[in-house]
2 protein chains.
Amino acid sequence: MSLSRKKLDHFMKKKIGIIGLGTIGEATLRSLKKYSSLINKRSSVDIEIKKVCDLNRNKSRVASKFSIPYTPDPYELINDPDIDIIVELIGGIQPAKKYILKSFQKGKDVVTANKALLARCGKDIFAAAKKFKRNIGFEGSVCGAIPLIRSISEGLIGCEVTKLYGVLNGTTNYILCKMEKESMDFSAALKEAQAKGFAEKKSRLDVEGIDTLHKLAILSYLCFGVWPDLEDVHVRGISSISLSDIIYARELSYKIKLLAVAKKENNKLDLRIHPAFVPDEHPIAQVNSAFNAVWLEAKPAGQLLFYGEGAGGAPTSSSVISDIANISFEKARFINEKGTICLKSTGNVMSRYYIRFMARDFPGVLAKASKILASFNISIASVTQKER
Amino acid sequence: MSLSRKKLDHFMKKKIGIIGLGTIGEATLRSLKKYSSLINKRSSVDIEIKKVCDLNRNKSRVASKFSIPYTPDPYELINDPDIDIIVELIGGIQPAKKYILKSFQKGKDVVTANKALLARCGKDIFAAAKKFKRNIGFEGSVCGAIPLIRSISEGLIGCEVTKLYGVLNGTTNYILCKMEKESMDFSAALKEAQAKGFAEKKSRLDVEGIDTLHKLAILSYLCFGVWPDLEDVHVRGISSISLSDIIYARELSYKIKLLAVAKKENNKLDLRIHPAFVPDEHPIAQVNSAFNAVWLEAKPAGQLLFYGEGAGGAPTSSSVISDIANISFEKARFINEKGTICLKSTGNVMSRYYIRFMARDFPGVLAKASKILASFNISIASVTQKER
């Protein structure tokens with residue numbers, strides 16, 4: 001075998017180290033085991049998992065299940081000159097951030113599914129990647145299996161995104177669908193979501209819209225070049241949605257969805273997350289169970305919809321693996337755009353609203369209410385009034 | 001400026017030549033003019049259109065509209081050592097194939113939106129690209145603006161696609177929606193589609209499912225590594241669909257769609273194109289007007305849906321430009337997979353069917369019909385009988 005042939009072989013063989021053996025980590029091991037020959041056949045890239053790590057030593061059993069060397073020390077991977085790509089799947093801000101920055105410094109590319117970290121520290125992370133000329137893949141951080149990051153950053157590289165909205169959190173969508181279909185109230189639906197594994201015991205991040213906020217922040221950067229200050233984004237979760245809201249929505253031919261919205265208008269960016277009435281016939285209204293969907297409007301591409309499984313180990317592993325394979329091909333991300341537009345304050349957002357209130361039944365109550373609305377220059381599109 | 005800096009500049013500047021100034025060609029010029037600064041900001045790639053060509057000299061006015069040098073001779077572009085990428089937008093088999101192969105030979109990468117050519121000669125084209133170590137981008141060849149090629153070849157690189165179906169032709173979908181919504185018959189809807197520019201005067205390619213077949217062939221290669229013999233694929237268009245079929249479908253809560261289907265079962269590939277009953281609540285049933293949508297099932301990704309504008313100059317230009325930008329970054333396509341599965345013959349496809357027939361009204365006619373079906377081991381799921 002000639003030297004050049006040897007060099008070629010080395011180029012195509014990529015060694016990776018995985019930190020974090022939770023749901024996504026374990027699924028990634030399983031999927032790589034099962035489908036790496038497919039990747040090899042399709043791309044001539046040969047991916048080898050050299051070693052895996054989890055701070056929790058109990059997770060060594062996951063590694064041994066797949067016959068892969070285990071260490072509780074992440075620096076054994078980060079400092080290994082033989083490893084090309086570090087896959088960070090532990091989640092949370094620290095120590096994940098520390099590990100990623102150190103990996104860049106050590107000349108390694110990084111794949112992560114850590115939306116909280118990117119939403120809070122994306123600027124630092126991408127700046128470090130640029131400084132050390134390393135690639136970062138983060139397809140798994142938004143909407144599970146949907147190849148959304150790639151579609152926006154590569155597919156729409158020549159497009160101006162003007163508007164984006166979607167269902168970015170499977171747990172809340174599962175709860176809202178349960179309430180809608182089985183006329184359950186919020187807490188019963190939440191309990192069922194927890195029992196079925198769609199919601200965690202600590203469901204605040206999902207239910208209050210924080211998880212959605214993290215994903216919207218990443219999409220805001222990709223589409224508009226803006227990392228928003230998370231505190232500046234209006235966020236309302238679904239815990240105050242009652243069954244009667246769902247029923248009123250149904251009567252008016254709407255579904256209630258926890259919607260993430262990003263709109264660019266006159267060089268201002270309107271970012272918000274709140275429950276919204278979505279017309280029954282809109283594809284977003286038809287997103288069922290724990291699925292995710294994103295509606296995008298861009299020039300010159302037009303309207304686009306992406307839909308798929310938004311969470312879970314197996315679906316997310318497909319995104320993580322696509323990043324590993326594509327980075328192995330040394331494909332750089334397009335993450336250069338500098339933001340020059342600023343956030344719109346929520347008070348300036350013009351929109352149609354749904355208001356529900358209870359009132360004592362006496363003559364003139366509706367007249368009074370509508371007069372107050374009119375005094376704020378709010379006009380009424382439709383009214384439904386029910387007896388108690 | 002040092003030599004290395006100069007080299008870097010050269011690396012980032014890409015010169016392209018466009019052959020074909022029809023609808024897509026002109027839209028690509030317009031979009032590049034408008035959005036190339038966006039690409040430059042996002043990727044540091046600077047795309048310059050060096051020269052454009054159309055065999056029809058009348059098209060020189062398109063070039064002069066955008067102040068770009070024009071030639072009626074494609075070899076002026078193909079032989080120009082200064083041009084990095086040839087963008088082929090003339091369509092059809094020859095001379096497009098000749099131009100593409102020559103471009104590879106001359107060391108150029110190629111971007112094309114030519115579905116007919118890829119469906120018929122994809123094997124040769126990709127083999128030539130491999131031989132000359134050149135890249136080929138063909139995002140614009142399937143489903144207009146939807147970043148489907150990229151999503152499958154890169155996003156699902158670690159996935160086994162098991163099933164795919166979708167609406168791949170906007171013209172036929174526009175006609176079927178018109179029939180459905182305005183209770184029109186086929187020929188009236190076709191005329192309106194032609195009047196509105198959704199269908200060409202020569203609409204056979206669309207209406208008879210040939211355009212859908214071309215796109216399905218390309219998807220078959222991407223998902224399953226198989227270039228099908230086009231003659232082996234069962235293709236039925238929509239010209240025999242009558243308004244009563246649409247009305248019966250509606251009564252049964254279905255929509256009629258011209259569906260492209262690809263399914264892998266027991267190492268056999270089932271490829272077919274025909275009008276199909278799609279349940280009202282399925283996202284594919286809700287694809288309106290000239291939109292396209294593809295439903296995909298893959299392991300471990302799960303179910304995915306891609307939806308967007310399937311044709312037209314502006315939407316398709318977004319895909320063509322994404323290829324130009326990504327190839328400028330020297331991103332190779334993953335098109336290595338060798339197919340080892342064979343096509344299923346249509347006779348072996350098990351499926352639910354819709355049968356409509358007229359009969360004289362005498363006692364026992366339904367009994368007779370059902371007996372015949374039973375003798376072929378066909379069971380009946382539901383029956384609707386109407387008086388004349």
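This report looks at the overall build of chain A and then at one of its helices, α9, in a predicted model.

## Ground rules

Residues are numbered from 1 along each chain as its sequence is written, and chains are lettered from A in the order in which they are written. Because the model is predicted, local features need pLDDT of at least 70, side-chain atom pairs count only at pLDDT 80 or more, and totals for chains use all residues.

## The whole chain

Chain A holds 14 helices and 13 strands (DSSP runs: H or I of at least four residues for helices, E of at least two for strands, numbered from the N terminus). Its C-alpha trace spans about 95 × 45 × 35 Å along the principal axes.

Of the 388 residues in chain A, 54% are buried; here buried means under 20% relative accessible area, exposed over 50%, and partly exposed in between, with a 1.4 Å probe and protein chains only.

## A closer look at α9

Helix α9 of chain A covers residues 186–195, and its buried residues are Phe186(A), Ala189(A), Leu190(A), Ala193(A) and Gln194(A). Viewed down the axis of α9(A), these fall within an arc of 140°, so they line one face of the helix; the arc is that of the directions from the helix axis to the C-beta atoms.

The buried residues of α9(A) pack against α8 (170–182) and α10 (204–207) of chain A. On the other side of α9(A), you will find Lys191(A) and Ala195(A) exposed. Gly197(A) follows the helix, with a positive phi near 85°.

Key: Side-chain values use heavy atoms; hydrogens and water are left out. Contact means heavy atoms within 4.5 Å.
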